[in-house]
Amino acid sequence: MEAFARENNIPVILRDTRAYLENLCRNLRPKRILEVGTAIGYSISCMLRACDANATCMEASMPNIKLARQNLEVLGLTPRVNIVVGDCLKTLPGLNGEKFDLIFLDGPKGKYLEILDLLLPLLDNNGVLVADNVLFRGMVEGETPIPEPRFVPTVEVLRTFIDRLQRDPRFITTVHHIGDGLCEVRYKN
Ligand SMILES: C[S@@+](CC[C@H](N)C(=O)[O-])C[C@H]1O[C@@H](n2cnc3c(N)ncnc32)[C@H](O)[C@@H]1O
């Protein structure tokens, strides 16, 4: 799956992000995982193989969904996954009232703030929310200059995303320099 993604320019989690997520799944032992941005099913397969959770996956691209279904079937994971098709900003409100103990956000970076508002009510009190790409190739913390003006809005969204969570007194928020930057959010209990 990793090789297929690379050959077909489908962005999937990096190796150290995979190790982090697998470790988190082994320690947290989630029962219900929500993933926003499933692509071909790579990250969710890694997580499901590291615990015995069931998963709800949100994905907008039909070609990706087709590939994700095939990959999950080959791995015997189909019975544990419900793929919700469509724009997550439209489909997430349909999960109202459900709770997840692990939420992995890996969808459209420029929409992270709007998605966050929809995700936080779905996070269980003892759960963990992890958002990928929050350092956006070094641009968010200024390690790398922003190479093109078109990246500026996304960088600003990601800076606000981290800042909002770090200022929110309900949460403990940690930014890990793993992969492209992982933001880990837990309720203070
Ligand atoms: C970085 S990829 C996900 C990679 C996957 N998590 C993995 O590591 O295997 C982001 C995915 O989000 C999907 N996506 C983009 N905008 C979306 C939206 N508004 N709603 C749902 N999915 C979206 C894209 O089609 C793409 O497949």
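**Helix packing, sheet order and ligand shell**

User: Does H2 pass H3 in a left-handed or a right-handed crossing?

Analyst: H2 passes H3 in a right-handed crossing (left-handed if the near helix is turned anticlockwise from the far one by less than a right angle, right-handed if clockwise). This is a predicted model, in which local features need pLDDT of at least 70 and side-chain atom pairs count only at pLDDT 80 or more, while totals for chains, interfaces and linings use all residues. Residues are numbered from 1 along each chain as its sequence is written.

User: At what angle do the axes of H2 and H3 cross?

Analyst: At roughly 35°, with the axes of H2 (residues 15–28) and H3 coming within 8 Å. Axes are lines fitted to C-alpha atoms, for helices over the stretch in contact, and angles run from 0 to 180 degrees between N-to-C directions. Helices (H or I, at least four residues) and strands (E, at least two) are DSSP runs, numbered from the N terminus.

User: Which residues meet there, in H2 and H3?

Analyst: From H2, Arg 18, Leu 21, Glu 22 and Cys 25 meet Ser 43, Cys 46 and Met 47 of H3 (contact: C-beta atoms, placed from the backbone, within 7 Å). By class, this contact has four nonpolar, one polar and two charged residues. Ala, Val, Leu, Ile, Met, Phe, Trp, Tyr, Cys and Pro count as nonpolar, Asp, Glu, Lys and Arg as charged, and the others, Gly among them, as polar.

User: Changing topic: what is the strand order of the open sheet?

Analyst: The order of its seven strands is E3-E2-E1-E4-E5-E7-E6, with mixed pairing (two strands pair if DSSP finds at least two bridges between them).

User: Why is one side of E3 and of E6 left without a neighbour?

Analyst: E3 and E6 (171–176) stand at the edges with a single partner strand each, so one side of each has no neighbour in the sheet.

User: How many bridges join E2 to E3?

Analyst: Five bridges join E2 to E3 (residues 81–85), and the two strands run parallel. Ala 55 stands opposite Val 81 in E3.

User: And the ligand: which residues are closest?

Analyst: Of the 19 residues that surround the ligand, the closest are Gly 37, Ala 39, Tyr 42, Ser 43 and Ala 60 (near: C-beta atom, placed from the backbone, within 6 Å). H3 (42–49), E2 (54–59) and H5 (88–91) are the elements that give two or more residues to this shell.

User: How does the shell divide by class?

Analyst: The shell has 10 nonpolar, six polar and three charged residues.

Key. Two residues are in contact if their C-beta atoms, placed from the backbone, lie within 7 Å.
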